[in-house]
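Please look over the sequence and the structure shown here before reading on. The briefing that follows takes up a few topics in turn, beginning with a question about one residue.

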Amino acid sequence: MTEKSGKPRDGFAHGTGERDGTGYDVVVVGGGAAGLSAALVLGRARLRALVVDAGEPRNAPSSHMQGYLSRDGMSPAAFLAAGREEVAGYGVELLAGRVTDVTRNDTGTGTADFTALLDGGRTVRARRLIVATGLKDELPAVPGVAERFGRDVLHCPFCHGWEVRDQPFGVLASSAMSVHQALMVSRWSKDVVFFLHTVAEEELSDQDLRRLAAAGVDVVPGEVAGLVAEDDRLTGVRLADGSVHARSVLYVGPRPVPRTSLLERLGAELSETPFGAYPVVDPTGLTSVPGVWAAGNAVGFAEQVVHAASGGYRAAAAIVGDLLMTDLDTATTG
Ligand SMILES: Cc1cc2nc3c(=O)[nH]c(=O)nc-3n(C[C@H](O)[C@H](O)[C@H](O)COP(=O)(O)OP(=O)(O)OC[C@H]3O[C@@H](n4cnc5c(N)ncnc54)[C@H](O)[C@@H]3O)c2cc1C
């Protein structure tokens, strides 16, 4: 059905916002699963949409993406490339670049629109905005972790648990969720060592210790100084005292840093969580700023690819209705 040429199939005026000077119906900031899914819905609803994407999807360090029905095991890059092709087939414009600033303009008609500033200085206008900028994982500062992240240093057993099942796992105490993580990964391996790293054993509650013992998780005190790798594969975790624990997988708890600067610039209300400050949104992703929706990891650190795609879909569908009703009201009441 989709034209691979990227041309519209139906003669409808898609993607002409820039050319005819009226701006876009919607600018989508971020072209990961959330942004592209939104764009697909917008294009199919015959809206003029632009996706601006800086090209740094969160799962880029990983060569495979799991848990998305019918796409299980696909590479993140291939998944997004397929998405971009589908979206372009409905006339949505895709631009590689970064939105560096955004302002809300009062149009004087009781509504507003938005001006987005792109790196390079170009500006684009839109009646509605979707912020699908994702988040950045701030990794624990242990030598070797960043280099191996997404390969044998992992953060999520739902993403990469099955693939490494029954191997000797380590879990680095590095976030508020680390005990939970050590317990969870015991579903995928019965050989789990929980490295306390900078946490004192006394900081673990009785319940933590009971559960860890019941799950067969070995608790090892002492700071982790680095990783040992041979032939580019993790073979061990080295403690500061020089001892090495043979492990082929290490789970860590990155600190999620949501990319909310554009939302903050627009004055969107954020809510603090132990995993960063995220925008307050309604079930469609509408933020506290009228006309601005958010989706994917920009609204929550636990959004997996399938959730992000779903969030983008919901936001776009809400915008289709919102724009239609706005236009009908304008036509009937002036
Ligand atoms: C190592 C790793 C492996 C993972 N594996 C899986 C897995 O197997 N299965 C799974 O379901 N989930 C997995 N995830 C989670 C997955 O990455 C997220 O669920 C998903 O990326 C969220 O999609 P998103 O569209 O919200 O954000 P992203 O995919 O991060 O996309 C956001 C996009 O917005 C762009 N952007 C940011 N700011 C701007 C700006 N100002 N202007 C323009 N563009 C901007 C970014 O460059 C990026 O391209 C994994 C995560 C990690 C870290």
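Does Arg247 count as buried or exposed, and what is its relative accessibility? In this model, which is predicted, Arg247 has a relative accessibility of 9%, and because buried means under 20%, Arg247 counts as buried.

**Arg247 and its surroundings**
- Arg247 is placed in the loop that lies between strand 14 (244–246) and strand 15.
- Leaving aside residues up to four places away in sequence, Arg247 touches Pro168, Phe169, Gly170, Asp191, Val192, Val193, Phe195, Leu234, Thr235, Gly236 and Val237.

**The chain as a whole**
- The chain holds nine helices and 19 strands, and its C-alpha trace spans about 75 × 40 × 35 Å along the principal axes.
- Of the 334 residues in the chain, 45% are buried.
- Among contacts in the chain with a separation of 6 or more, 59% are between residues 24 or more positions apart.
- The chain exposes about 16200 Å², and carbon and sulfur atoms supply 53% of that area.

**An antiparallel pair**
- Strand 7 (residues 135–138) and strand 16 (residues 255–258) run antiparallel, with four bridges joining them.
- Leu135 and Asp137 make up the covered face of strand 7, whereas Lys136 and Glu138 make up the uncovered one.
- Glu138, on that uncovered face, has Arg255 in strand 16 as its bridge partner.

**Helix 9**
- Helix 9 (residues 305–333) has 29 residues, which at 1.5 Å a residue should span 42 Å, and this agrees with its end C-alpha atoms, which are 42 Å apart.
- The buried residues of helix 9 are Ala308, Ala309, Gly311, Gly312, Ala315, Ala316, Ile319, Leu323 and Thr326.
- The cover over these buried residues includes strand 1 (24–29), helix 2 (33–44), strand 6 (123–131) and strand 19 (292–294).

**The ligand and its shell**
- The ligand is surrounded by 36 residues, of which Asp53, Glu56, Gln66, Asn297 and Glu303 are the closest.
- An oxygen atom of the ligand lies 2.8 Å from a polar backbone atom of Glu56, and a ligand oxygen atom is likewise 2.8 Å from a polar backbone atom of Asn297.
- A nitrogen atom of the ligand is 2.9 Å from a polar backbone atom of Val99.
- Taken alone, the ligand exposes 980 Å², and the protein buries 97% of that area.
- Helix 2, strand 2 (49–53), helix 5 (157–160) and helix 9 are the elements that give two or more residues to the shell around the ligand.

How values were computed: Residues are numbered from 1 along each chain as its sequence is written. This is a predicted model: local features need pLDDT of at least 70, side-chain atom pairs count only at pLDDT 80 or more; totals for chains, interfaces and linings use all residues. Side-chain values use heavy atoms; hydrogens and water are left out. The expected span of a helix is 1.5 Å times one less than its number of residues. Buried means under 20% relative accessible area, exposed over 50%, partly exposed in between (1.4 Å probe, protein chains only). Contact means heavy atoms within 4.5 Å. A residue is near a molecule or strand if one of its heavy atoms lies within 4 Å of it. A polar contact is a pair of N or O atoms within 3.5 Å; within protein, one must be able to donate a hydrogen and the other to accept it, and residues adjacent in sequence count only if both atoms are side-chain atoms. Accessible areas come from the Shrake-Rupley method with a 1.4 Å probe; for residues, only the protein chains shown count as cover. Two strands pair if DSSP finds at least two bridges between them.
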